[in-house]
Amino acid sequence: MKKYIATVIAGVALLGACKDSTAVPDYNNPSLSDIIGKPLTKIGLQNLITGYHDAQRASLGIAPANYIVFGEVMARDGYRTDASESRYVNEFLNGTPDPSAFSGGGNWTAFMRDIRAANTILEALPSIPASEGVTAQQTSAVKGMVRTMKAIDYYKALEYRDTLGVPIALDVPLGAPLAPIICKPKVSAYVSALLDSAYTDLQAGGSTFPVKLPPGFAGFNTPATFALFNRGWKGKVELYRALDHAAPTGATGFTNAVAAINASYIDTTDPAQIGKGVYFTFSTNTGDTPNQLVDGNLHLNPQVSDSLQPGDRRGSKIIAVTPATIQGLTYKSNFRVIQTDPIGYLKNEELILLRAQAEVGLNDLPSALLDVNYVRANAGGLGNLLPFVSATQAIDAILREKRYSLLFESAQRLVDLRAYGRLNNTYFVQERPGDIFLKALPIPQTEADARKGDLTVVCN
């Protein structure tokens, strides 16, 4: 996937570049006028879909994206120490993030941009003429795929704003009044419903997409198999709706989570499928993007290596280094990664542990134990745990497995610690005086300014 393709989405999502002539759309550098109100070609659709996925991949890694790094620092799995950039420590661990800087305003623009891009693609999609050879079924399939990815963008934006909320009515013309900021329970319900609508589109999508998906979607590149990916995300969203600290859906949410995950590609019968799933892929080819987590300033909290059980194969993600203290933080290991390593987007290993969390919520501790032990055996090479005697013990075990199975893959650890009330000095050592245990990022200053300071959260 070429790096320059991301500019397609930047152009579609924002204002686009000026051009001397609009007679022939340039899909490598489009303006909105190239897309809306004009027939979309199959090649143009391919470029837009590729660009959309590439923009999502670009949201990972180091500044200005920081989706993974911010989450792992806030969740105390990792540190980022940089003599020329102290905010990863001074604002995330020892102060208040500045909403006017990349620290406080991070993980907002990228997802708002991607949602706008998804809406633009969906608006342009019906304009493909029959002469392009894209059937009505294939149009439905693309619609289902884009709406699934759009739902994930909303979910990721919400991961970092939590109770501060995010706007959801973004499918309006540029220049229209700003959409209200909606409370977390309503945003989560919207994401869940959007995934269901996308699932319906995928079921009506026939047997093939009219476009090629990125390499990381191998095995999930037909409407039917992509629908399994959709159900996995549906289960994940339903789990955290059930755990929401302001308006939990409780047993209903846990039941819905288990049902959706069981309808996905979860597999606890074939150990070879433990890593099956969708991935972000990277390369060092000219014009493409390497894995941005290759960063000498990224270190692991000593708790990560200290808590690793002997013989755990997932310890291969951890590399011991000479102990050092920088900016008041002491570390002795780094995250092991090379430039071509993929990053899991949603894999079987995570689905099994998500189901275990939902099973604990339903007080089905025996089923949760089976799922936890399956991951321990087939991902970690570890022996079975004894039966759980309480829900707390079960969650302790699940979160430990998730830490090592999903290390530096997403913001899942931040979400879990927050959901279970564990992001505090009961569970973590305060590395520096005044440690704040940051649970969410503020609404960016630019967004506040555009709203004239009114960040009222609407919950009706």
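Helix axes here are lines fitted to C-alpha atoms over the stretch in contact, and angles run from 0 to 180 degrees between N-to-C directions. Helices are DSSP runs (H or I, at least four residues), numbered from the N terminus. This is a predicted model: local features need pLDDT of at least 70, side-chain atom pairs count only at pLDDT 80 or more, and totals for chains, interfaces and linings use all residues. Residues are numbered from 1 along each chain as its sequence is written, and side-chain values use heavy atoms, with hydrogens and water left out.

**Two helix pairs**

Two packed helices are described by the angle between their axes and the distance between the axes. The table gives both values for two pairs.

| Helix pair | Axes come within | Crossing angle |
|---|---|---|
| α3 (residues 42-58) and α8 (residues 136-161) | 12 Å | roughly 20 degrees |
| α13 (residues 348-361) and α15 (residues 391-405) | 10 Å | roughly 165 degrees |

The angle makes α3 roughly parallel to α8 (under 35 degrees). α3 passes α8 in a left-handed crossing: the near helix is turned anticlockwise from the far one by less than a right angle. Which residues of α3 meet α8? They are L45, I49, Y52, H53 and Q56. Contact means heavy atoms within 4.5 Å. On the α8 side, the partners include V142, M145 and V146. The residues of this contact divide into seven nonpolar, two polar and two charged. Asp, Glu, Lys and Arg count as charged; Ala, Val, Leu, Ile, Met, Phe, Trp, Tyr, Cys and Pro count as nonpolar; the others, Gly among them, count as polar.

α13 and α15 are roughly antiparallel to each other (over 145 degrees). Their crossing is left-handed. From α13, the contact includes L353, L354 and V360; from α15, it includes I395, I398 and L399. This contact divides into nine nonpolar, two polar and three charged residues.

**A serine in α8**

S140 sits in helix α8. S140 is buried, at 15% relative accessibility (buried means under 20% relative accessible area, with a 1.4 Å probe and protein chains only). The S140 side chain reaches the backbone oxygen of D201 at 2.7 Å. Not counting residues up to four places away in sequence, S140 touches D201, L202, A204 and G205.

**Two asparagines in loops**

Most residues other than glycine have a negative phi. N107 has a positive phi of about 55 degrees. N107 lies in the loop between α6 (102-105) and α7 (109-124). N363 has a positive phi of about 65 degrees, and is found in the loop between α13 and α14 (365-380). Is each one buried or exposed? N107 is buried, with a relative accessible area of 4%. N363 is exposed, at 59% (exposed means over 50%).

Note on methods. Angles under 35 degrees count as roughly parallel, over 145 as roughly antiparallel, 65 to 115 as roughly perpendicular and the rest as oblique. A polar contact is a pair of N or O atoms within 3.5 Å; within protein, one must be able to donate a hydrogen and the other to accept it, and residues adjacent in sequence count only if both atoms are side-chain atoms.
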